[in-house]
Amino acid sequence: MGDSHVLVRVPKLLVYRSDALPGLQRAPSLAVFPGTRTELIEVVRALAAAAVPFVARGAGTGLSGGALADGITLLGLHRLKRIIAIDPLARTATVEPGVVNALLTRAAAPHGLHYAPDPSSQSACTIGGNIAENAGGPHCLKYGVTLDHVLRATVVLPDGEVLTLDRGDVGGYDLLGAFVGSEGCFGVVVDVTVRLTPDPESVVTLLADFTSVRWAAEATSRIVAAGILPAALELMDQATIEAVESSVYAAGYPRDAAAVLLAEVDGAAAGLDADAEAIERLCRASGARDVRVARDPAERARLWQGRKKAFGAMGRVAPHLVVQDAVVPRSRLAEVLDDIAAIGARHGLRICNVFHAGDGNLHPNIPYDANDADESARVHAAMKEIMTRCIAAGGTITGEHGVGLDKLPYMEQLFTADTLDAMCSLRDVFDPARRANPGKTVPVRACREWHAAAAARPQAAGT
Amino acid sequence: MTPLASGVVGPRTLHAEFPRTTDELATLVRDARAARAGLRLAGLGTWLTAGHPVRAARTVSLRAMHGIVSYHPADLTLSCGAGTTLAELDEATRPHGQWCPLAPPGTDLTSTVGATVATASEGPYAAALGRPRSLVLGLECVDGTGRIIAAGGRVVKNVAGFDLTRAMTGAWGTLGAITAVHLRLRARPVVDETWAIRLPSSDRSALEAYVRGPLAPLACVRHQPPNGESGDPSLFLVRLGGNAAFVEASRAALRALGETMPQPPDALDAWRAFDDPPARALSWRWDPIAVRLRDRFDPDRILNPGLLGEPA
């Protein structure tokens, strides 16, 4: 593989000590970057022979600390970026795990197709990482999450066994369904065949302007309950609008709005205007003071730029940003948002909300300075209260970013010991030695068998 | 503990036990495990033969665990016991303009949610409205070791932890006996109409292009006569759904393909009743990883032993 693709020296390894979650840093002891699928399998087999734990990493855009290698080997997959085949007739693509999400869509574009899952980090994140996290994105309201678009995957299990997994549709367990979203704890994707989606005939994008976040949340509920299935339904609050409009990503959002709702309908041209008119009517009935429709692709792209770059725009506010990822039933969005605002005020923090309202998938974001111990402690306390509140509302702790290290403490609030134990059983089917991404996703003390394996784990390194 | 209710289930009049709670079922599974005696799992007992004989002396029906536990129309989500029939779901959701588009072979009166999810059986609306694997948000089950597992959740997006819901869905009860299910519902279309279409030739490519295109219908199925004959290969039943403008355009596209005849709203369901019961178990694949999965959740082969033609 060449020395340049194996890092052993500390200064170079420090580059990989964090992913997109600030506040948690763990440095690997070794980093390996295979360049071909054969090399990848050989590396995994070598790690198995040495009984060494490892963490697979794509672009490192994860927001839950899931790709951190704590004194163990980091297996970087970004060099495996070959689009192996695109079959326009079958509407599928077979790709290596390091292919960047947006580049797959670009490659499919000449065929009138695209790869529908579009996490907001899609210009950098990789398909392998998307599979590990079962990533979503603004358009998964209509088109579904990563799992809905993955047909088949060749994977290498941590013991070196190479398998093809599918959805079990023709008689078999849904092993692919179990694997997708396993956060790198079940094995490593060698290649994957995904479904490509035809480009819509037509798209209508609307921006509704509200003087109350509560009203915007209520409009969301009304739109979905009315039976309209928008391609996307995204809510941004005042703090987010302010951050976006003050940045280079300014999208023309009304700066004095308490919230804006970005709604998009797409599909067949026939009937699309009727859906758009219904959305406008429901927004106005929920208290919107204005609803405007993007007149052309350029205006639509500008409206979306604000949404997709909102996290980046928050970089102006403070040096670090925590992007949280809870889900609540749609009908409870308004009350939970009120409570989140109260939690922020109580801890003296500015909480920006930008999220997939149509799914009830909240992203309360807190810009802060991770080097300020007092502020970090307050952020931590606020996040804990927000998570507890979302669980109490009948929700969950992650809709698309994964548990990683960050949300591990909440798993026992959400699941019984038996269920967590069963999750460990599922992991053992793929990785009984628990060498792949150890210590993530499911808390170890719930696993009866874990304690024996824990003794074999290397001591934590890094900060 | 009070003795379990028992009685007869299914057209083959099997004697069955009817646990009323998940705890009762868990006790029953643990006892069976201690005695190394297999349990045949059933709902209403209509899909008992999936191609292989079940090697179990006792039958457990989940029918007593029926009823809707919670329904939030504004969220389009519903939770119910595994023994709930699809007809019961339809009755509850229809007044709110919603439905659960699981439509497995058989009738809604005899299909239970538990059996539909356990077999991942899908019907004509799967491509347009979602397969069982995407409509099930979470479930509760008792695995072969007696663990009560509450997998997934009740919200439409959820990646917390390893995905036991997907593993259990379509596992034919061999990993766990499903006791409750959390479902995502769909809104009923504003305009909903069903047509029969007779293609002018045996060439289906134009119809396939229509079904794969932007004006795709909710469902398109080939004619299935009730007497088990092969049916008319040029005759299809097509259900259109959406807003008025969409359905109008879709109807026009359909009419361009052949002679169309209006049908009653329940025509597709009537055809569905004559479909074969699920027989995918016959082609079940037992590769080493499938065996490992079974080993982790039902090491003593208590649940539905033999149903999937498992290697000895």
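**Exercise 1.** Which residue lies over the face of Phe311(A), and at what distance from the ring centre?

*Solution.* Take the ring of Phe311(A). Arg307(A) lies over its face, 6.0 Å from the ring centre. The rule for a charge over a ring: NZ of Lys or CZ of Arg within 6 Å of the ring centre and within 35 degrees of the ring normal.

*Ground rules.* This is a predicted model: local features need pLDDT of at least 70, side-chain atom pairs count only at pLDDT 80 or more, and totals for chains, interfaces and linings use all residues. Residues are numbered from 1 along each chain as its sequence is written, chains are lettered from A and ligands numbered from 1 in the order in which they are written, and side-chain values use heavy atoms, without hydrogens and water.

**Exercise 2.** Find what the pair Arg389(A) and Glu335(A) ties together.

*Solution.* Their side chains form a salt bridge at 3.0 Å, N to O. Arg389(A) is in helix α13 (residues 373–392) and Glu335(A) in helix α12 (residues 333–346) of chain A, so the pair ties together parts 54 residues apart in sequence. Now check exposure. Buried means under 20% relative accessible area, exposed over 50%, partly exposed in between (1.4 Å probe, protein chains only). Arg389(A), at 18%, is buried. Glu335(A), at 27%, is partly exposed.

**Exercise 3.** Classify the ring pair of Tyr173(A) and Trp286(B).

*Solution.* Rings of Phe, Tyr and Trp (its six-membered ring) pair if their centres lie within 6.5 Å; planes under 30 degrees apart are stacked, over 60 edge-to-face, the rest tilted. The structure holds nine aromatic pairs over all chains. For this one, the centres are 5.8 Å apart and the planes make 85 degrees: edge-to-face. Tyr173(A) lies in the loop between β9 (162–166) and α6 (175–179) of chain A, and Trp286(B) in the loop between α9 (267–272) and α10 (288–297) of chain B, so the pair joins two chains. Tyr173(A) is buried at 2%. Trp286(B) is buried at 17%.

Key
A salt bridge is a side-chain nitrogen of Lys or Arg within 4 Å of a carboxyl oxygen of Asp or Glu. Helices (H or I, at least four residues) and strands (E, at least two) are DSSP runs, numbered from the N terminus.
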